[in-house]
Amino acid sequence: MRKAMSVNEQLLCKTWSLFTFSEREMTSHDLAYELEISIRTAYKWVRTIHEFRLIHICGWKADTIGRFNTPIYAAGNLMDKPKPKRTLRDRRRAYKIKTEIERANK
């Protein structure tokens, strides 16, 4: 069972207004920056709002290595976009391109 979270009412209203009234697509990192709260707190809020089906995952953001780890959220009760997966063929192609670039630079 999860612990009950206490949320400041003003920040909760700001969070909800960022998603609904501005119709923005945001990650938990964007939310933490906008509200000046920790990333952990922003992640908990977004996850809780997502569990109540008030927001959905509309996309995935890739990190510097190319892994899709960060979900992008938008307001609405729609189906979540599945996380894209790299196939073995994609990984082999990327490795081949990387080795060709290294050989050309030598």
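Trainee: Which residues have the most contacts inside the largest nonpolar core?

Mentor: Start with the count. In this predicted model, the largest nonpolar core has 16 residues. Those with the most contacts inside it are Leu 31, Leu 35, Ile 37, Ile 55 and Tyr 73.

Trainee: Which elements each supply at least two residues of this core?

Mentor: Helix 1, helix 2, helix 3 (39-51) and strand 1 do. Helix 3 gives the largest share of the core, four residues.

Trainee: Take Ile 55. What is Ile 55 in contact with, leaving aside its neighbours within four places in sequence?

Mentor: Ile 55 touches Trp 16, Phe 19, Val 46, Ile 49, His 50, Tyr 73, Ala 74, Ala 75 and Gly 76. Among contacts between residues at least 6 apart in sequence, 36% join residues at least 24 apart.

Trainee: How do I read a helix with a buried face? Which residues of helix 2 are buried?

Mentor: First the general idea. An α-helix has 3.6 residues a turn, so residues three or four places apart point the same way. Now the case here. Helix 2 spans residues 28-35, and Ser 28, Leu 31, Ala 32 and Leu 35 are buried. Seen down the helix axis, the buried residues of helix 2 fall within an arc of 100°, so they line one face.

Trainee: What happens just after helix 2?

Mentor: Look at the backbone there. Glu 36 takes a positive phi of about 60°, although Glu 36 is not a glycine. Glu 36 sits in the loop between helix 2 and helix 3.

Trainee: Is Glu 36 buried or exposed?

Mentor: Use the cut-off: exposed means over 50% relative accessible area. Glu 36 has 73% relative accessibility, so Glu 36 counts as exposed. Compare Arg 53. Arg 53 also has a positive phi of about 60° without being a glycine. Its place is the loop between helix 3 and strand 1. At 36% relative accessibility, Arg 53 counts as partly exposed.

Trainee: Step back. How many helices and strands are there?

Mentor: The chain has four helices and two strands. From the N terminus, the order is α-α-α-β-β-α. Of the 106 residues, 25% are buried. The chain exposes about 8500 Å², and carbon and sulfur atoms supply 55% of that area.

Trainee: Where is confidence lowest, and where is it highest?

Mentor: Check the chain average, then the elements. Mean pLDDT is 83, and 89% of the residues score at least 70. Confidence is lowest in helix 1 (residues 9-20), with a mean of 73. Strand 1 (residues 55-62) is highest, at 91.

Key
Residues numbered from 1 in each chain as written. Predicted model: local features only at pLDDT ≥ 70, side-chain atom pairs only at ≥ 80, totals over all residues. Heavy atoms only, no water. Buried < 20%, exposed > 50% of the residue type's maximum accessible area, 1.4 Å probe, protein only. Arc of directions from axis to C-beta. pLDDT = per-residue confidence, 0-100. Core = buried A, V, L, I, M, F, W, Y, C linked by side-chain atoms within 4.5 Å. Contact = heavy atoms within 4.5 Å. Areas by Shrake-Rupley, 256 points an atom, 1.4 Å probe, with all protein chains shown as cover.
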